[in-house]
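The following note concerns the ligand site and the aromatic pairs of the structure shown below.

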Amino acid sequence: MQIENFIGGKFIAPLKKTYLENLNPATGKITSRIPSSTNEDVEMAVEAAQNALDNWSQLSIDKRIIWLRKIASALESRKEDIAALESMDTGKPIALAKRVDAARSVSNFEFFAEHAENLSELNYKMSDATNYVTRKPVGVVGLITPWNLPLYLLTWKVAPALVMGNTIVAKPSEMTPLTANLLCEILTAIDFPEGVINIVHGLGPSAGQAILEHPNIKAISFTGGTATGKIVAQIAAPMFKKLSLELGGKNATIILDDADLPTAAKGAARAAFTNSGQVCLCGSRILVADNIYDEFVPLLISEVEAMKIGNPSDENTDIGSVISSNHMEKVLSYIDLATQEGGKISTGGSTLTLPSPNSDGAFIQPTLIEGLAIDSRCATEEIFGPVASIHRFFSEDEAIEMANITQYGLAGSVWTSNPARGKSVAERIDSGILWVNTWLHRDLRTPFGGVKNSGVGREGGDWSLNFFSELSNICVKDD
Ligand code: NAD
């Protein structure tokens with residue numbers, strides 16, 4: 001399969017005619033060739049987005065909402081294809097791709113359609129005047145997304161950008177381009193207005209950077225690693241672009257001494273190893289109260305050992321491959337480092353060779369490590385793979401101090417039989433998203449984003465609609 005850029009409503013080959021190979025990480029086989037776009041391709045996409053801006057932004061919001069719903073129902077009818085492509089591109093289990101990736105890609109459009117429909121006008125009355133807060137689109141916006149939840153995260157930005165009247169130039173990860181391409185096919189099939197959504201494929205430092213640098217792109221919404229986020233900010237901030245950065249994490253799962261241990265063990269295992277630990281919200285540090293440690297850790301280990309690693313196409317697989325053989329090497333180097341840093345592997349720790357067609361796939365056992373210092377590299381750096389460390393704490397204060405020790409502040413969870421205690425512990429953790437007795441339980445109206453080096457800004461509900469709008473205040477003096 002060869003895919004092309006989608007510019008001005010047409011599938012177009014990159015101007016330099018250069019392509020990248022895209023692999024299925026669970027088989028090691030090439031699945032497709034994708035454009036290795038350059039700044040000339042981005043230039044074309046920006047021009048198309050600019051040409052489409054007047055018509056799209058002048059369409060009433062009600063008409064844009066109708067378009068969001070049309071996209072949602074077209075995606076709904078292709079859910080099986082979305083899941084199959086996502087599983088092939090990422091190596092994630094097909095059941096997970098159906099339950100999470102395909103379902104959320106549809107509900108992102110449904111949610112923002114409904115949320116925009118209920119958007120209330122903001123007026124502030126003074127004794128002698130009224131303030132009217134008005135919204136305009138920002139203009140052409142640039143969206144750059146990672147490989148772990150490809151269409152889920154792309155549509156999480158596309159839907160609010162569209163409904164607020166912006167036009168789009170987006171670059172999906174070069175490792176997972178297939179569902180963005182499917183979205184373009186769907187747009188063509190429903191006669192979506194040309195040039196409103198443009199997709200440019202390629203590498204970050206070329207295609208991605210050209211988006212950041214383009215003077216006519218007025219806002220950048222970026223999800224990816226913290227190191228890349230720094231580059232994004234360095235380029236976009238001096239150009240005074242609106243900027244949203246959703247970056248990395250090293251999240252803590254805190255098991256308090258009054259937790260229901262079997263439930264907490266299930267929750268901690270799911271938080272650590274969903275999508276092979278490749279979710280920014282994964283709980284890769286499991287902090288356990290000293291007096292329940294010896295009872296809890298065997299429960300956790302047996303939950304992890306019960307997970308079925310295997311062919312991602314098998315509906316019963318819990319854990320598929322990681323994203324690439326390079327990433328597998330990175331994860332393995334951290335497991336190596338963990339043993340050098342004094343860690344003891346409690347379960348997992350090595351690669352897994354599966355039968356054909358997965359004999360060349362990038363499979364790693366889910367790995368738990370005990371005995372690492374809380375400030376060791378393995379316990380503080382984002383590994384973004386199926387590796388979690390377990391640490392013992394002796395007081396609530398110490399648990400909170402341990403949770404807050406890293407440069408990151410994205411998410412976390414607290415497990416306890418006392419929800420009020422859980423909430424008060426959660427309030428002391430420096431993170432943007434915290435759960436008590438649950439994990440990845442999402443209400444799309446809530447603010448989503450990190451503090452410290454996990455990001456700048458919030459997405460979700462009103463926060464996304466505000467990011468993709470320019471707000472003005474008009475103060476009208478009474479007669
Ligand atoms: P990455 O930073 O390597 O790449 C993300 C995107 O940025 C890709 O499309 C890539 O091509 C592009 N890119 C790379 N260099 C660029 C440059 N110089 N200029 C412009 N674009 C560039 O991240 P990844 O490996 O794809 O994804 C994993 C990371 O994403 C992890 O750190 C994870 O925590 C993070 N993540 C965060 C969230 C969140 O919501 N906070 C969600 C998912 C993933």
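1. The structure is a predicted model. An oxygen atom of the ligand is 2.7 Å from an N or O atom in the side chain of glutamate 174. On the ligand there is also a nitrogen atom, 2.7 Å from a polar backbone atom of leucine 247. Glutamate 382 places a polar side-chain atom 2.6 Å from an oxygen atom of the ligand. Of the 840 Å² of accessible area that the ligand has on its own, the protein covers 90%.

2. The ligand is surrounded by 29 residues, the closest being Thr145, Glu174, Thr228, Leu247 and Glu382. By class, this shell has 14 nonpolar, 11 polar and four charged residues. Helix H7 (204-213) gives the largest share, five residues. Domain 1 (5-247 + 454-477) and domain 2 (252-443) each supply at least three residues of the shell.

3. Eight aromatic pairs are found in the whole structure. In one of them, the rings of tryptophan 147 and phenylalanine 384 have centres 5.4 Å apart and planes at 65°, so the pair is edge-to-face. Tryptophan 147 is buried, at a relative accessible area of 13%, and phenylalanine 384 is buried at 16%.

4. Phenylalanine 467 and phenylalanine 468 also form an edge-to-face pair, because their planes are at 85°, with ring centres 4.9 Å apart. Phenylalanine 467 is buried, with a relative accessible area of 12%; phenylalanine 468, at 3%, counts as buried too.

5. One aromatic cluster consists of Trp56, Trp67 and Phe192.

Notes:
Residues are numbered from 1 along each chain as its sequence is written. This is a predicted model: local features need pLDDT of at least 70, side-chain atom pairs count only at pLDDT 80 or more; totals for chains, interfaces and linings use all residues. Side-chain values use heavy atoms; hydrogens and water are left out. A residue is near a molecule or strand if one of its heavy atoms lies within 4 Å of it. A polar contact is a pair of N or O atoms within 3.5 Å; within protein, one must be able to donate a hydrogen and the other to accept it, and residues adjacent in sequence count only if both atoms are side-chain atoms. Accessible areas come from the Shrake-Rupley method with a 1.4 Å probe; for residues, only the protein chains shown count as cover. Helices (H or I, at least four residues) and strands (E, at least two) are DSSP runs, numbered from the N terminus. Ala, Val, Leu, Ile, Met, Phe, Trp, Tyr, Cys and Pro count as nonpolar, Asp, Glu, Lys and Arg as charged, and the others, Gly among them, as polar. Domain bounds come from an automatic or database domain assignment. Rings of Phe, Tyr and Trp (its six-membered ring) pair if their centres lie within 6.5 Å; planes under 30 degrees apart count as stacked, over 60 as edge-to-face and the rest as tilted. Buried means under 20% relative accessible area, exposed over 50%, partly exposed in between (1.4 Å probe, protein chains only).
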